Amino acid sequence: MKKILLLFSLITLVGCSQFSARKDQSQHITFNNSISRGKYNFNLISLEYPNNYNGKIDFLKNLNNSLTNLNSVQKNNLNLLITKEMDTDFSSLIETGWFDKEIIGMKIVEDLSTEEKAFLNDFSIEVPENAGITQKLLNRQYFLLLKLTDNESLYNSSYLYTELDKSLLMEDILLSRKSIVDNINSIKKNFVYSDWTENDKKAVYIKNANQDINSLEDKSIIFKNSDVNSGFKVFPNSLVLFLGNSHKYLSTDDYELTSNLVLVKSFDELKNLTNDSNSVSNLLSWKRKDWTKNDTTESLENRFSTWEGK
């Protein structure tokens, strides 16, 4: 009778323990040697991206200067929030060296659309009065290309520019773009995309605190505003980090992960913000911790034999 009671007690205790572990399994994760146990903070840097071409040119120049002045560790910890328009422009810049309206400067004049001609005619510059419509547009194209490298002063309003002139200038511009392209490539691994409709994005930001996490199961890393939670939680296919410092903090014995959205007004702020942050790309290697099931029959017999001996 004593043996039966002891076995029953052991089964009950072990059963409860295993159930508790499986229930808690959703919060137990590991990272493939990229993050050791401890506390980590992730700053999401939000830069206001202009919606006009001239503003974008200034933005890229300032971004390039700031990134050039960051060391490799600071660059590695720069988690930049990417809007859909930034994603489009940055991708085009990396792939071709050009973005936005710049394609207008590259085209042969005869291939320009009505809208593209209107864009060029908006430039307040002088063009040769004795030139035809085609030549005037060609001069305006050349001015647009000069503007990309802050060389508008080199424009000669009385000169009749040719397609060869334009081609040579484009080669110089692509060489001058190498720095910004390299810098963007160096931080691309830590991009966090605020427009999460694309399926190929690794890390996304959800502004809406009420957004249903279950609709984002194809996303590996999710940063989400929350009025209730802070810290992090693991869902079946997603690691969710809650932005802010809400009262309900979620963590594990192994990790404490916090995150913040930082609105940056000046590029000079990037250096300090990267010193207080960790790389989002380190999170991408997360996986659920493996749980091994004990041989409960052997374990119970061994334990009972020990108890029985006493």
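This is a predicted model: local features need pLDDT of at least 70, side-chain atom pairs count only at pLDDT 80 or more; totals for chains, interfaces and linings use all residues.
1. The crossing in which α4 passes α9 is left-handed.

2. On the α4 side, this contact is made by Phe90, Leu93 and Ile94, and on the α9 side by Ile180, Val181, Ile184 and Asn185. By class, the residues of the contact of α4 with α9 are six nonpolar, one polar and no charged.

3. Helix α9 spans residues 178–187, and its buried residues are Ile180, Val181, Asn183, Ile184 and Ile187. Because these residues cover an arc of only 165 degrees around the axis, they lie on the same side of α9. An α-helix has 3.6 residues a turn, so residues three or four places apart point the same way.

4. The cover over the buried residues of α9 includes α2 (53–68), α3 (72–76), β3 (79–82) and α4 (84–96).

5. Two of these covering elements, α2 and α4, also pack against each other: their axes come within 13 Å and cross at roughly 70 degrees. The two helices are therefore roughly perpendicular to each other. Here α2 passes α4 in a right-handed crossing.

6. In the contact of α2 with α4, Lys56, Phe59, Leu60 and Leu63 of α2 meet Glu85, Met86, Asp89, Phe90 and Leu93 of α4. This contact comprises six nonpolar, no polar and three charged residues. Phe90 and Leu93 of α4 take part in the contact with α2 and also in the contact with α9.

Conventions. Residues are numbered from 1 along each chain as its sequence is written. Side-chain values use heavy atoms; hydrogens and water are left out. Buried means under 20% relative accessible area, exposed over 50%, partly exposed in between (1.4 Å probe, protein chains only). Helices (H or I, at least four residues) and strands (E, at least two) are DSSP runs, numbered from the N terminus. The arc is that of the directions from the helix axis to the C-beta atoms. Contact means heavy atoms within 4.5 Å. A crossing is left-handed if the near helix is turned anticlockwise from the far one by less than a right angle, and right-handed if clockwise. Ala, Val, Leu, Ile, Met, Phe, Trp, Tyr, Cys and Pro count as nonpolar, Asp, Glu, Lys and Arg as charged, and the others, Gly among them, as polar. Axes are lines fitted to C-alpha atoms, for helices over the stretch in contact, and angles run from 0 to 180 degrees between N-to-C directions. Angles under 35 degrees count as roughly parallel, over 145 as roughly antiparallel, 65 to 115 as roughly perpendicular and the rest as oblique.
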